[in-house]
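Here is a short report on a predicted model. It covers the interface, the strand pairing and the salt bridges.

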Amino acid sequence: MLRKPFLLLFVFSIYFSSCWRYRNIDPPPGTSYTQTKVLGYKPVYGEESAAKKILYKATPSPVIKAGNIYAFRNYIFQIDPGYGIHVIDNSIPSDAKRIGFIEAKGCSQISIKNDKLYTNSYDDLVVLDFSDLNNVHEISRAKNVFVEYRNYSPIAQPPGSGYFECPDYGKFVVDWKRDSVIQLCFKY
Amino acid sequence: MKKLIHLCILFCSVIYLGCEKNAEGTSAASSIGKGGSLAKFTIIGNYVYAVSSHYLYSIDITDPSHPVKVNQSQLNYDMETIYPYKNRLFIGSKTGLYIYSVDTGSSPRLIGEAKHGRSCDPVVANDSVSYSTLKGSTFCGPATSGLYVHDIKNLNAPILKKLIPLNDPVGLGMADSALYVCNNTDGLKVYDIKNAYSPLEKMTIQGLGFVDVIPFDNILICWINDGISLYDITNQLQPVLIKKISN
């Protein structure tokens with residue numbers, strides 16, 4: 001009989017675990033919580049200009065976390081949420097291979113029309129010219145258009161599960177490193 | 001006189017075809033690429049349409065060197081995915097399937113919806129049928145997991161025609177006569193959809209964890225747990241593995 005409430009509690013705690021973003025609570029004035037330090041993920045911040053810089057590397061990059069796929073002409077793209085876009089040459093499908101990586105921090109989505117690649121760089125829409133693989137570059141940007149993409153950007157949370165230092169949303173997270181952190185935020 | 005009428009019909013249909021907006025391509029010849037069913041970005045005509053949990057955005061890309069956000073609607077659907085077909089957007093959310101018309105370009109207009117229990121929900125569709133997978137789970141909500149088939153000939157009132165229970169469905173993709181449904185480690189299910197409202201299971205490809213697919217010309221592009229795999233779908237109901245790219 002005792003098992004059911006526990007199961008329910010368990011289910012609810014998993015359900016609410018998706019709300020980690022709201023758990024960065026300051027202690028009431030005049031008090032302080034005991035803040036235990038544990039091994040976890042610590043955000044690495046970058047200046048806005050560096051964080052939003054788009055860079056194309058004509059060599060394959062290791063996959064950190066695989067994301068959405070996209071097909072355009074003889075290419076296949078795969079998002080590495082938060083880090084960039086893998087480019088796969090599919091001219092000969094039986095010999096398809098990774099050929100490059102578009103470094104685009106804070107990205108999560110992709111769409112292409114007429115050799116123009118549309119993706120997001122944190123909450124900006126950014127347009128890349130993809131017509132010449134030797135010269136993939138940013139041609140324009142609409143700033144702060146996606147109101148929910150900034151704090152919910154895949155890079156706003158660590159790549160693995162466990163405790164992490166709640167990021168400062170006023171800054172740009174560009175990476176995560178293992179470090180000792182105060183246990184306040186947790187990712188399941 | 002008969003000739004004239006024929007010519008007139010031909011002329012009108014050419015004009016009508018011209019009206020069809022340039023939506024996502026199904027082939028390498030198209031000027032617009034094709035996304036998987038889990039995408040949150042898509043392009044129809046001169047607009048990028050994007051969703052986040054509570055917003056639907058329209059961005060005018062007539063001049064790619066000067067993209068402009070022209071609309072942002074707050075919708076409390078918990079949106080997950082967006083899928084384009086002709087001048088329509090099919091939005092999969094945690095509470096249902098929502099169909100928008102983009103005849104006006106900048107401001108999508110709600111024209112139909114099919115609500116369901118809370119779950120995760122990617123969708124693919126054409127003129128008459130929509131296929132969506134719902135995954136009930138502690139994270140997504142309690143709906144019955146499976147493949148949901150809706151008759152959408154009347155967009156204002158989609159009718160649920162069939163529910164095929166599946167354990168762990170994720171992304172899905174539609175070719176002319178086949179529907180591919182990813183079931184994570186339960187494999188990729190291939191359905192014959194000649195009878196659109198009653199998909200017939202033909203085979204299951206086992207051994208890889210399937211997340212999402214894009215049927216693209218004669219190639220089926222699959223996002224699998226540990227990389228990307230490509231299948232020849234010259235025979236759409238009999239995918240043949242031609243390449244696996246590991247992460």
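## Interface of chains A and B

Together, chain B and chain A bury about 3800 Å². Carbon and sulfur atoms carry 64% of that area. The side of chain B that touches chain A counts 27 nonpolar, 18 polar and 7 charged residues. In terms of contacts, 52 residues of chain B meet 45 residues of chain A.

What does the rule find across this interface in the way of salt bridges and polar contacts? The salt bridge count between chain B and chain A is 0. Polar contact is found for 18 residue pairs, with both residues at pLDDT 80 or more.

## Strand pairing between the chains

Strand 3 of chain A, residues 69-72, is joined to strand 1 of chain B, residues 34-35. The two strands run antiparallel and share 2 bridges. One residue pair can be named here: A:Y70 has B:G35 in strand 1 of chain B as its bridge partner.

Chain B holds an open sheet of 4 strands in the order 14-15-16-17. Its pairing is antiparallel. Strand 14 (172-174) and strand 17 (200-205) of chain B are the edge strands, and each pairs on one side only. On average, neighbouring strands of this sheet are turned by 20° against each other, direction ignored.

Within this sheet, strand 16 of chain B (residues 188-192) is joined to strand 17 of chain B by 5 bridges. These two strands run antiparallel. B:D192 has B:L200 in strand 17 of chain B as its bridge partner.

Another open sheet of 4 strands in chain B has the order 18-19-20-21, with antiparallel pairing. Strand 18 (210-216) and strand 21 (240-246) of chain B stand at its edges. Each has a single partner strand, so one side of each lacks a neighbour in the sheet. Neighbouring strands of this sheet are turned by 20° against each other on average, direction ignored.

Strand 18 of chain B pairs with strand 19 of chain B (residues 219-224) over 6 bridges, in the antiparallel sense. For B:F216, the bridge partner in strand 19 of chain B is B:I219.

## Salt bridges

How many salt bridges does the rule count over all chains? The total comes to 16. One of the pairs lies in chain A: A:E165 forms a salt bridge with A:K42, and the closest N and O atoms are 3.7 Å apart.

This pair links distant parts of the chain, 123 residues apart. A:E165 sits in the loop between strand 11 (162-164) and strand 12 (172-182) of chain A. A:K42 belongs to strand 1 of chain A, residues 37-46.

Note on methods. Residues numbered from 1 in each chain as written. Chains lettered and ligands numbered in written order. Predicted model: local features only at pLDDT ≥ 70, side-chain atom pairs only at ≥ 80, totals over all residues. Heavy atoms only, no water. Pairing = 2+ DSSP bridges. Axes fitted to C-alpha atoms, helices over the stretch in contact; angles between N-to-C directions. Contact = heavy atoms within 4.5 Å. Buried area = accessible area lost by both parts, 1.4 Å probe. Salt bridge = Lys/Arg side-chain N within 4 Å of Asp/Glu carboxyl O. Polar contact = N/O pair within 3.5 Å; in protein donor to acceptor, adjacent residues only side chain to side chain. Nonpolar A, V, L, I, M, F, W, Y, C, P; charged D, E, K, R; others polar.
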